[in-house]
There are 2 protein chains.
Amino acid sequence: MREAMGNAFVPGAVALDPAEAAMIERRGRVLGPAYRLQYERPLHIVRGEGVHLTDANGVRYLDAYNNVPSVGHAHPRVVEALTRQAATLNTHTRYLHENILAYAERLLATMPDALAHVMFTCTGSEANDLAGRIAQAHTGGTGFIVTRYAYHGVTEVVSRLSPCLGEGVQQGPHVRLVAPPASGVADVGARFAEGVRRAIADLEAHGIRPAALLVDTVFTSDGNYVDPAGFLGPAVEAIREAGGLFIADEVQPGFGRTGAHFWGFGRHGIVPDMITMGKPMGNGHPMGAVAGRREPIASFANQVRYFNTFGGNPVSCAVGLAVLDVITDEGLMANAADVGAHLHAGLDALSGRCPTLGERRVAGLACAVDVVDAEGRPDPVAATRIVNGLRDRQVLISISGIEHATLKIRPPLVFQRAHADQLLEALEGVLRA
Amino acid sequence: MREAMGNAFVPGAVALDPAEAAMIERRGRVLGPAYRLQYERPLHIVRGEGVHLTDANGVRYLDAYNNVPSVGHAHPRVVEALTRQAATLNTHTRYLHENILAYAERLLATMPDALAHVMFTCTGSEANDLAGRIAQAHTGGTGFIVTRYAYHGVTEVVSRLSPCLGEGVQQGPHVRLVAPPASGVADVGARFAEGVRRAIADLEAHGIRPAALLVDTVFTSDGNYVDPAGFLGPAVEAIREAGGLFIADEVQPGFGRTGAHFWGFGRHGIVPDMITMGKPMGNGHPMGAVAGRREPIASFANQVRYFNTFGGNPVSCAVGLAVLDVITDEGLMANAADVGAHLHAGLDALSGRCPTLGERRVAGLACAVDVVDAEGRPDPVAATRIVNGLRDRQVLISISGIEHATLKIRPPLVFQRAHADQLLEALEGVLRA
């Protein structure tokens, strides 16, 4: 098997603390061989607060990696909402409950009016899987187009739409891969759309009607392709002309991460046919959803009902409402925009002094930096060294991109300018070491 | 679409309270048309405690339906574990954490030694989807065999294995349906295995190698087929002879429901190749898992890694540990056996007085009663009348089976003899009315 994960722990590569080695041994025994840890020396975290994680030895790390606890680790308002509702009632969507209505209304209010309905799941994987079912029911097509190193989840169907999982998962006959939007060229949108049109033509040449173009609207796993704003428009047009739908995977860009917009698609001035969400939706509580236009959901409902045992339960909805409240009350979108711009400027300046840092691609607190060698080629070895060097300086980031040579920086949205400065300083230290 | 759900609310059939009618209207607007409510007059539940649910008007219902809040609604020990860990740390399985190791060890200790590893998901659907991927990776086969009215979940792949969702979901070329185990005949096991062998032969005749036989070990959705204990053995042998695996879907029977065994397969003296779990695992907190033998998981891991963002997080594992503690400390398996036997005896007696009640199939607190007409044929209209009549007497049950004529009774495991008596009395009242 080609190891397809950047920043994976490699057993035996580095000497470990005996306590952690013992945990890793237990882990292998009970969880088996399919799981992966991160970093050369895996972390044993026991506590979290805001942007900080603390390990079993009391060492405190600056978390510039985790995009799930988006309003900050263990946020008291979220914990309180979770506790209060769990102590009162946790049932399901076959009974009426005010929380699901209030939450669905609040969530839909963050979207263009055309996105009329929301259906709840427990994970982003389930959301993408459901969106795929809806797209097939509505279009009659079965073909899907995703980017070359996309990640959309782990159900059987969605793992086929997640080439970043590596060659062990076959895409199968109904999936086509396209290059992510190139950056630094004049016609990003036209080029990306051209790739989509070629994929559509190839599906059709094989007798497969396209169901949807599915993209993470900041292309997180491909390496965070965000500029120029608006570049998605022509590709959306292309898939619609072919009778397919456009599904915006907002699992990573959603809930304010890009700063200027609540959803990543906002940056592109488009309105998707469906959007899927997950990760930060419950700040770590397992929840996901699909929102969509009336027509595709009606086509689906005309064929089959939908019930997700835990999806949309009163506790999850209470948590979701608390997360929305915190994003608003603490001004986290404005903060993401401000701190993201500050970090971006700092990375630009640092790259001037350290040529190992190549292109920077930043939208709010979705941030990526290519690591390059002296000839400007992707340098995965240096990227791994940087990520582990930062870990040793108590700063956590990871790696993305098909070359495993892009620094993935996507902290909780409560990250402050001082935290960005700490990250930049540690990064410069690692680069000079 | 053929409406495939028993006990579904039908808009317009009955006059509703204006407050609930308004909620139903809001619900349709925001959730769209794929959702279903239960009962002629849907419930608006606001509070839960133990085996009781209370609606917005303060009316208290005896819950003999919900198998998710298995240790009782809003159990304080579970809520406390949830709160404490959520206030401390919620991360993921790419860092080390004691909770996941402790929980995996405790969970595996409830199973035969051959089930060596456990992999965490957020739902039973995700667990069955993952087990399907593992079975395919290990066997090289792609064929699945399930029972005629099975329910295994809602991902695209698993919905094809869930014929109870109705004709709107096509099983596709790789799925074969078999009749559930007949009851009241001499050779239940041989007959069921014969159906499985025919399905294997038909798959092979179409060039499809079988990957797995997947069954709910109490056949909940088919109508709770539980006797005689041991009948699953020959079918398990049949699938293994054909190179396929046996997957026990323990989402509904697991965690002590059948009283005599922690897992439903225990009743049959077999050891599955994999087991899947969900619903009661977190007493309503979204969690699921696959446990399996070493070899299939090794085959899977050899092709692909597995990561589920929320699956196995420290909060979910803390909740899972609390649920296991409560099952043990409150003696809930013994209670399920005792109260289940008491309920069974009461239903037997009642059926002597009320010929509308046909065959009873009971294992612990997994209980089903066929509703029949004067000629002994399944009577879905009477079943619906009974379920709604019980709702009007503040007792909640629902309907299962392909004929929509089987009473589905599966209360939280804290159900007491007095609750069973209340249910029996209300049932007799409805039958006499």
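## Symmetry of the two copies

In this predicted model, chain A superposes on chain B by a rotation of 180°. The shift along the rotation axis is 0.0 Å, and the RMSD is 0.0 Å. The two copies are therefore related as by a two-fold rotation axis. Within chain A, the C-alpha nearest that axis belongs to Thr83(A). That atom lies 2.9 Å from the axis.

## How the chains meet

Which surface do the copies use to meet? They meet through the same surface, because 100% of the interface residues of chain A are also interface residues in chain B.

## Domains of chain A

Chain A is divided into two parts: domain 1 and domain 2. Domain 1 is made of residues 18-71 + 331-432. Domain 2 covers residues 76-329. The C-alpha centres of domain 1 of chain A and domain 2 of chain A are 25 Å apart.

## Contact between the domains

In chain A, 23 residues of domain 1 are in contact with 31 residues of domain 2. On the domain 1 side, three elements of chain A each supply at least two of the touching residues: helix H10 (332-353), strand E11 (357-363) and strand E12 (366-371). H10(A) gives the largest share of that side, with five residues.

What is the make-up of the side of domain 1 of chain A that touches domain 2 of chain A? Its residues divide into 14 nonpolar, seven polar and two charged.

Methods. Residues are numbered from 1 along each chain as its sequence is written. Chains are lettered from A and ligands numbered from 1 in the order in which they are written. This is a predicted model: local features need pLDDT of at least 70, side-chain atom pairs count only at pLDDT 80 or more; totals for chains, interfaces and linings use all residues. Domain bounds come from an automatic or database domain assignment. Two residues are in contact if their C-beta atoms, placed from the backbone, lie within 7 Å. Helices (H or I, at least four residues) and strands (E, at least two) are DSSP runs, numbered from the N terminus. Ala, Val, Leu, Ile, Met, Phe, Trp, Tyr, Cys and Pro count as nonpolar, Asp, Glu, Lys and Arg as charged, and the others, Gly among them, as polar. Copies are superposed by least squares on the C-alpha atoms of residues with pLDDT of at least 70 in both.
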